[in-house]
Amino acid sequence: MIMKKNILYILAAVLAVPMLSSCNEWLEEHPKAIAVDTFYNTESDAEAAIEACVMRVRNVRASAEMSAFMECFADYNYGRGSWQANSTYDILNEQNKNRVTTVWINTYRIIRDANICISKFPGAKNLSDEQKTQYIAEAKFFRALAYFDIARFWGKGVLRTEENLETWNLPMSPVEDIWNLVISDLKYAVENCPDKAKQLGRPGKNAARTLLAHVYLTRKEYNNAAPLLKAVIDSKEYSLVKVSTHRDFDNLFGHENVISSEEIFYVKTSRTGNQGWQIVMYYAHPNARKDGMKMSGAGGWFALSLSMSNKWVQNWDTADLRREYCILEYPGQGNFGDVVLDGLTTKFIDPDAASADGNCDNPMYRYADVLMMYAEALSQGGSPNAEAMECVNMIHRRAYGHDPMVASADDYVLSDYSTKDKFMELIVKEQCYEFWGETKRWPFLVRTGLAEKYVKEYKGRTINPNLYLFPIPENEFLYNEALDPVKDQNPGY
């Protein structure tokens, strides 16, 4: 009877997310081991369970699908081949709907593994109360990160928590319910995560603060975001990497074993086990050379290309070291309609890569993110001030090879950006150049309500308003009887 109960729990835990493949594939996954009664009782068990969450996050945030979608939609980039249709800003075609399905599945796998952790850690027999609390906090961080994506990219979702693990048929939840869970989870993580991450790629308090601030910015709750970002800055744990040549930026993004002073929460990669960031290969052209180096030792797919005629490229000051680091003129890639594709993003080249996954970490949150978001929170929650401008100038100075902490002749002047709108235009510009190719541009433009304006101005495209949300995967409706495939689907699909 006990064995039967365990098997049923295994099935309930494994099937507590939407699935698009056979039961056999799901039952082969390692999370089934954590359903055994003897698991979660030791520190090594808990570490293994959290590492499973880390792996799941890597499967989403280092995958080709999530990263390429974000870059196809950016106002400076163009998809090629099967990704080209996304840069028309119309409803997704079938191939890309299938890619969205992959992201949805893997996002809910994060949620599943986090939910099991949250449900099982309290009963661990050989963990102290402090250890239990910290592990739960890490699991809630990962769950919040996953539901943050559900809220942003789908606008609603099936709210699966540790309390309904064994319930398969659940209705669609309003997005506000998802936001409430995200905020609650992150408040818990801010309070209970370790002061410093136990390992790189796992959250400490400052990673939780940064993610929660990002959530508040997305909700335009600027005055809630600002104190969290200020706390990260005041911790004095981070500093902008200094550069004197464009190749010094390698010390920020780097390859295996490069740890940056800017790193708050990165999705870590490795040359072993195909645990790299696939966007590196998507940028790479097999014949291109940057500073005499291959873009990728494994070749390249150049599924994403640039046009040197794009105004962001045209207006990019050649004295800005980020320009030389991030782009390469490379003609002969064909056209996107009447747009000539003659440039490449070179920010994450990996000449020693031996597989299709580049070894550069995905810098989800780095110190420059915190400074830029803090400047936005201050200027939009109140009015532009010297503190907000200093945050932008620190990033801008570094781009020109100056000490970020020392005023320079290249500094912006507050009086030139004294209104909220003017300051926001400055943030839009610096956000583009600083985070070029980091898959952050589209979410930034959408949450600020500026996507339509800048995609029209810089790419000459009109966005189908239904594109702002991804479709709910069709198989979600097949396996979840509580959903209605008409009323629960997003518009246009």
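Mentor: Begin with a definition: a cavity is a set of grid points where a 1.4 Å probe fits but cannot get out, and its volume is the space filled by probe spheres set on the points. Keep in mind that the model is predicted.

Trainee: Which elements give two or more residues to the lining of the second largest cavity?

Mentor: The second largest cavity is lined by Val54, Val57, Arg58, Phe142, Gly201, Phe265, Tyr266, Val267 and Lys268. By class, that lining has 6 nonpolar, 1 polar and 2 charged residues. The elements that give two or more residues to it are α3 (43-61) and β4 (263-267).

Trainee: Which element gives the most to the lining of the largest cavity?

Mentor: The largest cavity has a volume of about 360 Å³. Its lining comprises 22 residues, with Arg152, His214, Met364, Asp369 and Lys440 nearest the centre. Elements supplying at least two residues each are α4 (64-72), α6 (129-153), β12 (362-366), α13 (367-381) and α16 (441-447). The one that gives the most, with 4 residues, is α13.

Trainee: Over the face of which residue does Arg152 lie?

Mentor: Arg152 is among the residues nearest the centre of the largest cavity. At 4.1 Å from the ring centre, Arg152 lies over the face of Phe148.

Trainee: How many disulfides does a search of the whole structure find?

Mentor: A disulfide needs two cysteine sulfur atoms within 2.5 Å. The sulfur of Cys53 has its closest cysteine sulfur in Cys117, 4.1 Å away, so the gap is too far for a bond. Cys72 is in no disulfide either, as the nearest cysteine sulfur, that of Cys432, is 16 Å away. Over the whole structure, the number of disulfides found is 0.

Trainee: Is Cys53 buried or exposed?

Mentor: The cut-off for buried is under 20% relative accessible area. Cys53 has 0% relative accessibility, and therefore counts as buried.

Trainee: What is the angle between the planes of Tyr454 and Tyr458?

Mentor: In helix α17 (residues 451-459), Tyr454 and Tyr458 are 4 residues apart, so about one helical turn separates them. Tyr454 is buried at 6% relative accessible area, and Tyr458 is buried at 13%. Their rings form a stacked aromatic pair, 5.8 Å centre to centre, and the angle between the planes is 20°.

Definitions and conventions: Residues numbered from 1 in each chain as written. Predicted model: local features only at pLDDT ≥ 70, side-chain atom pairs only at ≥ 80, totals over all residues. Heavy atoms only, no water. Buried < 20%, exposed > 50% of the residue type's maximum accessible area, 1.4 Å probe, protein only. Phe/Tyr/Trp six-rings, centres within 6.5 Å; stacked < 30°, edge-to-face > 60°. Lys NZ or Arg CZ within 6 Å of the ring centre and 35° of its normal. 1 Å grid on protein atoms, 1.4 Å probe; cavity = no way out; pocket = protein on both sides within 12 Å on 5 of 7 lines; lining within 4 Å. Nonpolar A, V, L, I, M, F, W, Y, C, P; charged D, E, K, R; others polar.
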